[in-house]
Amino acid sequence: MGDVVQMHFSTVDYVIFVVLLVASAGIGLFYAFSGGRQRTTQEFLLADRSMRCLPVSLSLLATFQSAVAILGAPSEIYTYGTQYWFLGCSYFLGLLIPAHIFIPVFYRLRLSSAYEYLELRFSKSVRICGTVTFIFQMVIYMGVVLYAPALALNAVTGFDLWGAVLAMGLVCTLYTALGGLKAVIWTDVFQTIVMFAGQLAVIIVGTHQAGGIAEVWRKAQNGSRIASLDLNPDPLERHTFWTLGVGGIFLMLALYGVNQAQVQRYLSSRTEKEAIMSCYAVFPCQQIVLTLGCLMGLVMFARYGEESPLDQGYVKTNDQMVLYFVMDVLRDLPGLPGLFVACLFSGALSTISSAFNSLATVTMEDLIKPHVPPMTEARATLLSKMLALGYGLVCLAMAYIASLMGSVLQAALSIFGMVGGPLLGIFCLGMFFPWANSTGALVGLGSGLIMAFWIGIGSFVSRMSASVPPVINATVIPELGNMTTTVMTLTTTKPRPSGVQALYSLSYMWYSAHNSATVVVVGLLVSFLTGPWKEKELNPGTIYPVLGNLLFFLPKRYREKLCCVTPLDDKSKGQQPYQMAQKESNGVGLTKDEDKLRDEEGGQIIIQSTSNTPHTLQETAL
């Protein structure tokens, strides 16, 4: 390839990048000064529960399709082959379960924060623990999401590092704090389109330069990058069909089932049916995104073969490889590098803005409102906006801390996965096991978090420590005519880990499943030791009757003894008034049109319009 100098943006590239930021800020300003002008917490935090299916589904997709994923997936395919593509198999159940279990429960309870559910099902202390865990998870992740693409861009193009960080952070804070959830969702839609356009541009140009898609495929096959179905059940193997297709389901559930950033989008939908449809619409979009990432990785391999830019010393890390490839492929096409960088930063912006909005919501709903005197609507909305602004500044501070971490960057990313599992576990414990009590939930969550950090940090430390040196086996092939060939095969003779070391070697794709299972098992054990709750002690609407549905063949009296006939399954009990946690007039629970009797999606909702009385909800079976 010859000598490669650091590549630079053209004027057109800078213009495209600036247009992205200006357009994103413009959408935020539009929603700040139109419609209800974000004057109520209902409008600011939940888009007045008025969003349609398509924008919600694209926003769901964009929220966790971050810049880290756009940079990571192609370099994963380039290095290890297409095995990663089997993650797509997990999307089916990973989105079907949230659509038919989590969304109906959350939507019918008319929640604002997913962690309100934990108080209704368990107690206020469980709710606060869940909220604090989520805030910790998102604050750490935000800094990494903001810093990682800026660092890669700086290394490859010389683009000013902190200029990029500040531009992204401030624009994102501006439109989130001014425009609320409506602005976040509509900028996500715009940014998703930019993401698709940027990736497609690189794939089309790269494929053309490589000699067509057939040539790309041929080179990938010759280089052993087209992976076959690996059915090895060993959970210590990094990527197999089981780790990706089954372990990935729990990862998807943690993201799309119980994460506040996603739950908030479901709750902003006009109806429960539209919320479910938006979850369905994410499925084909996710498959397209995954396929684009895999294609880009294969086009990269067709261009560089085994001589990666990393091995050649042109870049320092895997994450920078994709950007180097983009700048290399598109160097003679002004504007297209700018489009891909806009695509990259769109991924970062959509993730960060969702984090700001969800953090402002949980802080307001879970930590402030229950512990302060009732506020006026205007004051509550102003406070919500100030919280979104405050989290924006925290994000910039976290980006600075991420810059000091160096190799700990991967550890910070792992924290997102490590914390997601225990949070999924506590929601599953509450929703599927009627016997679980508040003590069991608290001990279970604590055990899950301890287990998560023990495995996560232990795995990181063992990877960083000196690995076993490879043993060289020399195989000499007999002389053929005048040619003598000596083949040196490098094989690492590493014994299979056992005991604690096996735990540290667990594939990261199983973290979510392992940690959520820990919460459920410990939670149930502690609940049975401290006195399991009976069905009549539970709030109607907080249990999904999965056991009742699975044991449908048993007579009802036996199911009652097993505590399988839950409030959602028993219509006579489902008609009992359900006292929600009291919400004052500034509570984000109900839309302005809901002070009348309303029959929606098969569930009656009766709301008392007086501001200082609790809202009474009646639910029928799911």
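Tutor: Start with the classes of burial: a residue is buried under 20% relative accessible area, exposed over 50%, and partly exposed in between. Tyrosine 400 has a relative accessible area of 47%, so tyrosine 400 is partly exposed. Note that this is a predicted model.

Student: How many of the residues in the chain count as buried, as a percentage?

Tutor: Of the 622 residues, 57% count as buried. The accessible surface of the chain is about 25300 Å², and carbon and sulfur atoms account for 65% of that surface.

Student: What does the chain contain in the way of helices and strands?

Tutor: There are 23 helices and six strands. Among contacts between residues at least 6 apart in sequence, 83% join residues at least 24 apart.

Student: How is the length of a helix checked, taking α4 as the case?

Tutor: The expected span is 1.5 Å times one less than the number of residues. Helix α4 covers residues 67-80, which is 14 residues, so the span should be 20 Å; the end C-alpha atoms are 20 Å apart, which agrees. After α4 comes glycine 81, with a positive phi near 100°.

Student: Is α4 mostly covered or mostly open?

Tutor: Mostly covered: 10 of the 14 residues of α4 are buried. Among them are Val68, Ile70, Leu71, Ile77 and Tyr78, and also Glu76.

Student: What is serine 438 in contact with, leaving aside its neighbours within four places in sequence?

Tutor: The contacts of serine 438 are Phe122, Ser123, Ser125, Val126 and Trp533. Serine 438 belongs to helix α18 and counts as buried, at 13% relative accessibility.

Student: What describes a pair of aromatic rings?

Tutor: Two values do: the distance of the centres and the angle of the planes. Ring centres must lie within 6.5 Å to pair, and the count here is 23 aromatic pairs. In one of these, phenylalanine 106 and phenylalanine 427 have ring centres 5.8 Å apart and planes at 90°; an angle over 60 degrees is edge-to-face, so this pair is edge-to-face. Phenylalanine 106 is in helix α5 and phenylalanine 427 in helix α17, so the pair ties together parts 321 residues apart in sequence. Both residues of this pair are buried.

Student: How far apart are the centres in the pair of tryptophan 162 and tyrosine 400?

Tutor: The distance is 5.9 Å centre to centre, with 50° between the planes, and the pair is tilted. Tryptophan 162 lies in helix α8 and tyrosine 400 in helix α16, so this pair ties together parts 238 residues apart in sequence. Tryptophan 162 is partly exposed, with a relative accessible area of 30%.

Student: Which residues make the nonpolar surface patch of about 590 Å²?

Tutor: Trp162, Leu166, Leu170, Tyr400, Ile401 and Leu404 make the patch. Helices α8 and α16 each give two or more residues to the patch.

Student: Which residues form an aromatic cluster with Phe106 and Phe427?

Tutor: The cluster also includes Phe102, Tyr115, Tyr117, Phe134 and Phe432.

How values were computed: Residues numbered from 1 in each chain as written. Predicted model: local features only at pLDDT ≥ 70, side-chain atom pairs only at ≥ 80, totals over all residues. Heavy atoms only, no water. Helix = DSSP H or I, 4+ residues; strand = E, 2+ residues; numbered from the N terminus. Buried < 20%, exposed > 50% of the residue type's maximum accessible area, 1.4 Å probe, protein only. Contact = heavy atoms within 4.5 Å. Areas by Shrake-Rupley, 256 points an atom, 1.4 Å probe, with all protein chains shown as cover. Patch = residues over 30% accessible without salt bridge, like charges linked within 9 Å, V, L, I, M, F, W, Y side chains within 5 Å. Salt bridge = Lys/Arg side-chain N within 4 Å of Asp/Glu carboxyl O. Phe/Tyr/Trp six-rings, centres within 6.5 Å; stacked < 30°, edge-to-face > 60°.
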